[in-house]
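Have a look at the picture, then follow the questions.

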Amino acid sequence: MYLYNSATHKKEEFQTHTPNRVEMYTCGPTVYHFAHIGNLRSYIMEDVLEKFLRYEGYDVNRVMNITDVGHLASDADTGEDKMLKGAKRENKSVMDIAKFYTDAFFDDCAKLNIKTPDVVQPATGLIDEFIRVVSALLDKGYAYVAGGNVYFDTSTLGRYYVFNDHDEEDLAVGVREGVEEDQNKRNKNDFVLWFTKSKFEDQALKWNSPWGVGYPGWHIECSCISMKFNGEYLDLHCGGVDNAFPHHTNEIAQSEAYLGHPWCAQWFHVHHLNTNSGKMSKSKGEFLTVSLLEEKGYDPLAYRFFCLQSHYRKGLVFSWENLDNAAGAYSKLIKRVAALKDGDGEVDREAAVQLKEKFLTQVGNDLNTSMGVTCLYDVLKAPVNDATKRAVLADFDRVLSLSLLDKAAELREKEAAQAKTASASGGFTIQGEGDPAIDALVLRRSEAKKAKNFAEADRIRDELKARGVEVTDVPGGAVWKRV
Ligand code: AMP
Ligand code: ZN
């Protein structure tokens, strides 16, 4: 496949260090609150990428951390310990908070058909490893101790900054507005590997270390977790675009200094989900969750469909209207899949291969998921039998994970059950769009008419009209549709 590499700023042919094997790392969530649907946009796109690589035949080893040790809002030791903030808010221990929100994160992922990575490692489970790597960086002369903390010395590197999609000067810690420079640092981009002296006297979790009781810096967990479970050569590192600097820059600095050779060749950054008032952000406190979408009656997979319709390298604006459009298109797609006949002949292998080739080229062009979705409609329109269509849709869904065939089967069952209920109520058949509340109103209207209560029948018709539903009487029943 061709993939944009934010380290080189080019779309490149995807390469791996070991043939057919992808070592993939994803920055995981900070578990002090629910993931918002912006975070989940990143995880959806990374999930499609992983599945596409598997679909192409790669053996993928995907590793993810869980940030459960309170990390600070910046390298400058300002901001707040997010985990402690969560614990105080809910009057629970930090570890209870971490457990609760880790479980909640994976529940949300399951609802969005996001596969759990092969390795999931909470940061608190690997503290000894972080201490070992920090000690090695000190031994090799890449780090220094100052004011009780261990810092990475960026002046020891030939090249520090790689993601120059951003302006280095603007993003450098020392010059960020409102961020006070840490006087212990020798260079403005130096960053903490281990804290013992933080402005946070009440840091919740602390461990013994050769430098005193303290806790790891912001970036070391990802380097260590990846080097432990992916090995010395990482093929693909993923995260939201806000992770690029300084988090990923600093991960590269530490890992390459420790290993003594280049570490990760390809960097994949997902752009943000924004609202009209800006980036959706956990720390702002007000954000949308999967549960909220469900409460409002949306299928979480309609949100996945919404994300797939746009390219991961473009900001995506969330609005209820945009989500409604995606949800409408998703349910129409499911209806079309449900209308395909079972047992409609043999699968046309040749046609299936042709359709698949197009899908591979389209999605393989920098993970163009919206073209992947278009390929689904191409299959539905293709001059092939329904058996072939069903087989090809199921195949593409290994990557897109929209549960197309399962949802279609559910819809058929629901419609069959409704038809049964309807015929049970006096042989009256209702054909509609699969909404039991509307079916019930349509049935009541027919009963009112039967009882010659025309005023009530008209009232129900008006009520349906107000809900945007049009009813047509047909022999033996009624047909309704949304207009
Ligand atoms: P966090 O739990 O804050 O560490 O973030 C988890 C992941 O979500 C990281 O990869 C972030 O870069 C990413 N992320 C944060 N905010 C957004 C957003 N508004 N849209 C897309 N991804 C985001
Ligand atoms: Zn990370």
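Helices here are DSSP runs of H or I with at least four residues, and strands are runs of E with at least two. This is a predicted model.

Q: How many helices and strands are there in the chain?
A: Going by those runs, the chain has 16 helices and 17 strands. Its C-alpha trace spans about 90 × 55 × 35 Å along the principal axes.

Q: What share of the residues of the chain count as buried?
A: The cut-off for buried is under 20% relative accessible area. Of the 483 residues, 54% count as buried.

Q: What makes Thr249 count as buried?
A: Its relative accessibility is 0%. Buried means under 20%, so Thr249 counts as buried. You'll find Thr249 in helix α7, residues 244-259.

Q: Which residues is Thr249 in contact with, leaving aside its neighbours within four places in sequence?
A: Contact means heavy atoms within 4.5 Å. On that basis, Thr249 is in contact with Tyr160, Tyr161, Phe163 and Ala244.

Q: What share of the contacts in the chain with a separation of 6 or more is between residues 24 or more positions apart?
A: Those residues account for 74% of such contacts.

Q: Why is α9 called roughly perpendicular to α12?
A: Helix α9 (residues 300-308) and helix α12 (residues 369-381) pack at an angle of about 110°, and their axes are 7 Å apart. Angles of 65 to 115 degrees count as roughly perpendicular, so α9 is roughly perpendicular to α12.

Q: Which residues in α9 and α12 meet?
A: From α9 come Phe305, Cys307 and Leu308, and they meet Thr369, Ser370, Val373 and Tyr377 in α12. Sorted by type, the residues of this contact are 5 nonpolar, 2 polar and no charged.

Q: How do you know where empty space is left?
A: You roll a probe the size of a water molecule over the atoms, and that shows where the empty space is.

Q: How much space lies in the second largest pocket, and which residues are the closest to its centre?
A: That pocket holds about 710 Å³ of space. It is lined by 20 residues, and the closest to its centre are Ala327, Ser331, Lys332, Lys335 and Glu433.

Q: What supplies the largest share of the lining of the second largest pocket?
A: That's α10, with 8 residues. Both α10 (320-338) and α14 (404-424) supply at least two residues of the lining. By type, the lining divides into 10 charged, 6 nonpolar and 4 polar residues.

Technical notes:
Residues are numbered from 1 along each chain as its sequence is written. Chains are lettered from A and ligands numbered from 1 in the order in which they are written. This is a predicted model: local features need pLDDT of at least 70, side-chain atom pairs count only at pLDDT 80 or more; totals for chains, interfaces and linings use all residues. Side-chain values use heavy atoms; hydrogens and water are left out. On a 1 Å grid over the protein atoms alone, a cavity is a set of points where a 1.4 Å probe fits but cannot get out, and a pocket is an open set with protein on both sides within 12 Å along at least five of seven lines; lining residues have an atom within 4 Å of a point. Grid points are joined across faces, edges and corners, and a volume is the space filled by probe spheres set on the points. Ala, Val, Leu, Ile, Met, Phe, Trp, Tyr, Cys and Pro count as nonpolar, Asp, Glu, Lys and Arg as charged, and the others, Gly among them, as polar. Axes are lines fitted to C-alpha atoms, for helices over the stretch in contact, and angles run from 0 to 180 degrees between N-to-C directions. Angles under 35 degrees count as roughly parallel, over 145 as roughly antiparallel, 65 to 115 as roughly perpendicular and the rest as oblique. Buried means under 20% relative accessible area, exposed over 50%, partly exposed in between (1.4 Å probe, protein chains only).
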